[in-house]
Structure formats: C-alpha cells, structure tokens
Amino acid sequence: KQAGVKVMMDLASWEVVRNHHAELLELLQMRLVDCCVCNEDEARELLSALSSGPRGPEAAARLLLLHCETAVVTCGPKGCVAGTTTCDGAVELHMEPAVRVQVVDSTGAGDTLSSGFLYG
C-alpha cells in the first residue's frame, strides 16, 4: 500500500476464516486491502459470527465492501458476485453466471478466477 500498489486478499479457506475471524476483520478494518476474494464457504464463515442480518454471497460482498473497494464471492457452478464501492460510497453488486464447461479438475479454479479478475 505504501508503494502505491493495490492489495488483494483471498480468505484462503473456511477453516482460516473460522479460526482467525477476528484477525481477518481487524485487517479489513485497517483498510489495507483494496480487493477481497472468497468462496461461498468462506463467506458463510465470515457472516456466521454476526448475530443477525442477511446471509449469502451478496451479504458477504456487502460486508467486505464496508472495508475494501472491491469484493468477489465465488459461487462455484453458479458464477460469482462481484461488487465495488463507488466514489460517492454507493455499493454496486453484479452477479456473473458461470460459463458452462466440462470440468476435468477444479484444482486452482479460484486462483484462476482471481488472476483473471486482477488482470482485467
């Protein structure tokens, strides 16, 4: 951040989110992350510590957007929810359906989406 580069964080796994929920939220609240990516399981864990409120990928994206300018929640074969916070503070969410392909091996699928998202 100090060098003027964008910082992207992937929540890594639902176990990481469950075991380090407070630390992850603290890191996000420091506003050091520009873009945060997670999958549905990680989003569910992130929201589980909240006592009430909406659940699901859109709710997780909105929570992340309280702390960073861009958020992506991947939803497997359903696609993903991507959102951004505009200059005036408005939240814009977009559900992008997945492209149907014959899956041979899903290893690295999230990493591939993240790299493509970063590239543009």
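Predicted model: local features only at pLDDT ≥ 70, side-chain atom pairs only at ≥ 80, totals over all residues.
Which residues in H4 are buried?

Residues are numbered from 1 along each chain as its sequence is written, and side-chain values use heavy atoms, with hydrogens and water left out.

The buried residues of H4 are Pro57, Ala59, Ala60, Ala61, Leu63, Leu64 and Leu65, where buried means under 20% relative accessible area, exposed means over 50%, and partly exposed lies in between (1.4 Å probe, protein chains only). The helix is mostly covered, since seven of its nine residues are buried. Helices (H or I, at least four residues) and strands (E, at least two) are DSSP runs, numbered from the N terminus. The cover over the buried residues of H4 includes helix H2 (21-29), strand S2 (35-39), H3, S3, S4 and strand S5 (91-96).

## The nonpolar cores

A nonpolar core is a set of buried Ala, Val, Leu, Ile, Met, Phe, Trp, Tyr and Cys residues joined through side-chain atoms within 4.5 Å. In the largest such core, which has 23 residues, Met9, Leu11, Leu28, Cys36, Leu46 and Leu64 touch the most other members. Two or more residues come to this core from each of H2, S2, H3, H4 and S3, and H4 gives the most, with six residues.

If neighbours within four places in sequence are left aside, Leu46 is in contact (heavy atoms within 4.5 Å) with Leu11, Val17, His21, Leu25, Leu63 and Leu64. Another core, of five residues, lies apart from the largest one, and among its members are Cys35, Val37, Cys80 and Ala82.

## Salt bridges

The structure holds four salt bridges, a salt bridge being a side-chain nitrogen of Lys or Arg within 4 Å of a carboxyl oxygen of Asp or Glu. One of them joins the side chains of Glu69 and Lys6 (2.9 Å, N to O). Because Glu69 lies in the loop between helix H4 (57-65) and strand S3 (70-74), and Lys6 in the segment before strand S1 (8-10), this pair ties together parts that are 63 residues apart in sequence. Glu69 is partly exposed at 33% relative accessibility, whereas Lys6 is exposed at 61%.

Another salt bridge is formed by the side chains of Arg18 and Glu45 (2.8 Å, N to O). Arg18 lies in helix H1 (residues 14-19) and Glu45 in helix H3 (residues 40-48), so parts that are 27 residues apart in sequence are tied together. Arg18 counts as partly exposed at 48% relative accessibility, while Glu45 counts as buried at 13%.
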